Amino acid sequence: MAQTNPGKDSQASEAKKLISLPTSRVRLIMKSSPDVSSINQDALFLTTKATELFVQHLALTSFNNGSGREANSLDYSDLAKTAEETDTFHFLTDILPKKILARDYLESLEQLQDEDADF
Amino acid sequence: MAERPEDLNLPNAVITRIIKEALPDGVNVSKEARRAISQAASVFVLYATSCANNFAMKAKRKTLNAGDVLAAMEEMEFERFLEPLREALEVYKKDQKGRKEVSEQKRKDKEKKTDSENDKSREEEEEEEEQQRMEEEPEEEPEEEEEEVVEN
């Protein structure tokens with residue numbers, strides 16, 4: 001997998017790119033939040049930058065904590081595990097649920113039904 | 001609220017790049033993981049915005065400012081972001097100042113030519129520059145938004 005492009009890199013280091021994500025897209029997401037009227041330029045920049053830092057942090061933490069580390073890979077399950085086990089990523093548990101086999105889910109459903117039947 | 005859900009997603013290619021730069025070389029990142037991280041990033045923006053907005057409202061301001069965002073990071077327990085954010089903001093502000101000075105100089109030069117003619121073009125320029133300032137650096141490669149990076 002080619003990761004470095006010498007031509008591009010020298011251009012980038014000259015411009016000293018602060019952010020890669022498009023601020024216009026970030027602004028769109030921010031505006032979809034209720035009660036937000038306007039966003040100052042610095043705030044938009046910071047939010048964009050923070051999002052990039054967040055992506056790095058989530059990826060690296062999940063990789064370090066996950067079982068994919070032995071296989072030198074990062075998979076969905078690593079992310080779901082991190083969301084559940086790391087406090088700062090708790091807000092992600094709804095969108096990164098742990099996956100279980102349908103078979104196991106049905107089993108636990110049956111167990112619940114049995115418990116209800118006792119009443 | 002946006003009508004099309006994909007509008008609230010961040011460009012895949014950029015997210016992928018950021019992930020790769022954060023991880024050691026050669027780590028294989030599944031497509032599912034990439035998509036999940038991208039969605040998590042969008043949720044992060046919403047959460048941060050909501051949090052920052054609370055600070056603004058407390059201060060009876062309608063405009064979200066830099067301080068609100070930094071306060072939100074602390075509230076969300078992402079203190080580790082604070083220093084890199086402050087440093088980046090400093091560089092960003094200097095850069096903005098530099099660009100403003102350049103465009104103001106350009107405007108002054110133009111004014112020397114014709115005054116009435118330039119009233120309209122100045123407005124258009126301001127709008128353009130506003131756009132440029134916001135989007136010049138991050139949107140160097142606008143086409144990448146449609147690219148799906150295929151892994152070996």
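In this predicted model, the interface between the two chains brings 72 residues of chain B into contact with 61 residues of chain A. The size of an interface is often given as the accessible area lost when the parts come together. For chain B and chain A, that buried area is about 6100 Å², with 69% of it on carbon and sulfur atoms.

Polar interactions also cross this interface. Between chain B and chain A, 15 residue pairs are in polar contact, both partners having a pLDDT of 80 or more. Two salt bridges are found across the interface. One of them joins the side chains of B:K93 and A:D42, with an N to O distance of 3.9 Å, which counts as a salt bridge because the cut-off is 4 Å.

On the chain B side, the touching surface draws at least two residues from each of α1 (12–22), β1 (28–29), α2 (31–58), β2 (63–64), α3, α4 and α5 (115–135). The largest share comes from α2(B), which supplies 17 residues. By residue class, the side of chain B that touches chain A divides into 40 nonpolar, twelve polar and 20 charged residues.

Turning to chain A itself, the secondary structure consists of five helices and two strands. Read from the N terminus, these elements follow the order α-α-β-α-β-α-α. Chain A has 119 residues, and 42% of them are buried. Its accessible surface comes to about 6900 Å², and carbon and sulfur atoms account for 49% of that area.

Most residues other than glycine have a negative phi. In chain A, however, A:D35 has a positive phi, near 75 degrees. This aspartate lies in the loop that connects α2 (23–31) to β1 (38–39) of chain A. With a relative accessible area of 59%, A:D35 is exposed, because the threshold for that class is over 50%.

In chain B, the residue with a positive phi is B:E77, a non-glycine residue with a value near 70 degrees. Its setting is the loop between α3 (66–75) and α4 (82–111) of chain B. The relative accessibility of B:E77 is 49%, so this glutamate counts as partly exposed.

Technical notes
Residues numbered from 1 in each chain as written. Chains lettered and ligands numbered in written order. Heavy atoms only, no water. Helix = DSSP H or I, 4+ residues; strand = E, 2+ residues; numbered from the N terminus. Buried < 20%, exposed > 50% of the residue type's maximum accessible area, 1.4 Å probe, protein only. Areas by Shrake-Rupley, 256 points an atom, 1.4 Å probe, with all protein chains shown as cover. Contact = heavy atoms within 4.5 Å. Buried area = accessible area lost by both parts, 1.4 Å probe. Polar contact = N/O pair within 3.5 Å; in protein donor to acceptor, adjacent residues only side chain to side chain. Nonpolar A, V, L, I, M, F, W, Y, C, P; charged D, E, K, R; others polar.
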